[in-house]
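Biologist: I've got a protein to look at and I'm new to this. Can we go through it in questions and answers?

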Amino acid sequence: MADNLNANLERLLLLQLGGAANSIAQALAAEQAARLGQSAVVSTKVHAFDSHNPEHVQILVDTDAGKIFYHRSDCGAVCHLDIFHECGEIDHKLAASYICRAVALYNTQAAQQADGFCQGIVNPELIDIQTATGGGRITGSLRSGQKPSVRRVHENHVHVALSLPTADFACLLYIVAAVETAIQNMGLEPRRNERISYVESAGGQNDLSPYTDQTDSFLKDAPASQEGSKPAGAASDNWQAQEPDRHSVGQSAPSENSKGKGGGQTLIGVDQCHSGEMFTGCRSDKTISQASAADICLYAPRLFESWQQAITRINNKSKVTAASSLSRRLQENGLKAAGACIYSLSELDVAATVSAAAARFLTEDMTGRLRIHPLDIRFIARRPKRGCDTCFVVDSSGSMAGRRLQAAQYLAGEICRYGYGRVSLVHFQDSRAELLQPFTYSRQAVLSAFNNLTPAGATPLALGLKQSLAYIIGQQTKHPLIVLLTDGIPGRKYGENADPMSEALFAAAEIDQAGCGFLCIGLDDEDVFLQKLAYTAGGVAYIFSEFTAQVMQ
């Protein structure tokens, strides 16, 4: 885990974060929120969201985080950072330790910068955390935030409140990377927030008493200098905690003209240009910990909807398979199953079935042996398990070199965010197809495997599909999904005398017969064959037609 955190933090090159930090400062100065990557939102306001629609984050424009959370008299002194994840418990002590290390690394690197765009005086004692397991000051005992209502409301996000100078806003990206690493190391996945809107609270009254608890925070009052305090791993022994810079965003009360305003949102990616221009409405392609790994910024519209359709078709295949199997077993035992009695994804409830037969036996004054009638049959209705085991099948032929392979890695990362199960990676090129990463719960392991690909040769699509299907059949998979990432029509290298397109369609039919889900992602505008391939596999085609417009031009 330590190596995982170090690797993610090392991807953040401080020299490249000047533009991102400037964009954050501009957004907060305008009393707006900034999206850091896809899972995090920062502002100086209170955030709200509906548990049934968590991807929509509301910014309460007539509130101030410092006033509401800590009863401070000044406005804009406290930054409110939420990092969203799938529902589950994040160990707040683990996340706090990761943040301490991230802040220490940031302070060390900032102190070594020659251009001086950042100061490196972030005080970890002015950072609080809350998760579903507890919270408190990250340098304190971390025994606060234990009230059940407080823990329950943080089951889908990590809450961080902090005070830091405007010049050190780049540290927010380090903190997000640290928390995302903690989330992934706990076996959960970050979750993206799709939309930010600005609303007013009900009459300006904000009763958060059910969601507050005892705290050891130093943010409760306007903080005085903490003489002699030192962060874990601080770069210098004479480092002293600083009072937040008086130039920090929003230190003065907001003007009357600015209250209740803030009609936009800013998405921050560390691959922004060094000029510091604010990217408004642009979408980041990776988590903060990964964003600097590529020099492209992508957004794949409707990808989530296509993934959902593919998952739905897996469930439909499972229903058909379960119903057919149950009907066959009943017929083998001389029972005729009425369609109304067959419940998909259900199991026979033996106890309830016998009880129903016995009740009928007694009420109808029957004699002789107890016999099971079709109307007596009862089933256990089970909810389908969440998620699926996903096998990425990546085209690593020569035409995928460069930005196409980067785009494939980005798309795989997006799909990893959506799912809950294991992931694996198979690649194919020229005359071979190989398993590069076996099934694992580590999303990072699969995405890192992309870095080992060297595109070359032809496109043996059929071989890649057959290899992935054979691997899935040999594993104990749940709701298996094959995700094909390719840029075009199969080549002739594999099976020299065979028609590569017919071979690929035959392999797709085998996927459908095996009951596997299939999502075909095309990185080229040519979609006729890929649409036919997806249809043959009983799956869904997603043509990333925006790729050419976003990157190749």
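This is a predicted model: local features need pLDDT of at least 70, side-chain atom pairs count only at pLDDT 80 or more; totals for chains, interfaces and linings use all residues.

Biologist: Okay, how many helices and strands does the protein have?

Modeller: The protein has 553 residues, and 52% of them count as buried. Its secondary structure comes to 14 helices and 18 strands.

Biologist: Let's take α4 and α6. At what angle do their axes cross?

Modeller: Two packed helices are described by the angle between their axes and the distance between the axes. Here α4 covers residues 92–111 and α6 covers residues 171–185. Their axes come within 8 Å, and the crossing angle is roughly 145 degrees.

Biologist: And is that crossing left-handed or right-handed?

Modeller: You'd look at how α4 passes α6. That crossing is right-handed.

Biologist: How many charged residues sit in the contact of α4 with α6?

Modeller: On the α4 side you'll find, among them, Leu94, Tyr98, Ile99 and Val103, while α6 brings residues including Tyr174, Ile175, Ala178 and Val179. Sorted by class, the contact has 14 nonpolar and 3 polar residues. The number of charged ones is none: there are no charged residues.

Biologist: Now α12 and α13. Are they roughly parallel or roughly antiparallel?

Modeller: α12 (residues 500–513) and α13 (residues 528–536) have axes 7 Å apart, at an angle of about 30 degrees. Angles under 35 degrees count as roughly parallel. So α12 and α13 are roughly parallel.

Biologist: How many charged residues does their contact have?

Modeller: Met501, Leu505 and Asp512 are among the α12 residues there, and they belong to a contact that includes Phe529 and Lys532 of α13. By class, there are 7 nonpolar residues and 1 polar residue, and the charged ones number 2.

Biologist: On to the open sheet of 6 strands: which strands stand at its edges?

Modeller: The order is β15-β14-β13-β16-β17-β18, with mixed pairing, and the twist averages 15 degrees from one strand to the next. An edge strand here has a single partner, so one side of it is left without a neighbour in the sheet. The two edge strands are β15 and β18.

Biologist: Which residue in β14 stands opposite Cys391?

Modeller: Strands of a sheet pair through backbone hydrogen bonds, either parallel or antiparallel. β13 (residues 390–395) and β14 (residues 423–429) run parallel, joined by 6 bridges. Opposite Cys391 stands Ser424.

Definitions and conventions:
Residues are numbered from 1 along each chain as its sequence is written. Side-chain values use heavy atoms; hydrogens and water are left out. Axes are lines fitted to C-alpha atoms, for helices over the stretch in contact, and angles run from 0 to 180 degrees between N-to-C directions. Helices (H or I, at least four residues) and strands (E, at least two) are DSSP runs, numbered from the N terminus. A crossing is left-handed if the near helix is turned anticlockwise from the far one by less than a right angle, and right-handed if clockwise. Contact means heavy atoms within 4.5 Å. Ala, Val, Leu, Ile, Met, Phe, Trp, Tyr, Cys and Pro count as nonpolar, Asp, Glu, Lys and Arg as charged, and the others, Gly among them, as polar. Two strands pair if DSSP finds at least two bridges between them. Angles under 35 degrees count as roughly parallel, over 145 as roughly antiparallel, 65 to 115 as roughly perpendicular and the rest as oblique. Buried means under 20% relative accessible area, exposed over 50%, partly exposed in between (1.4 Å probe, protein chains only).
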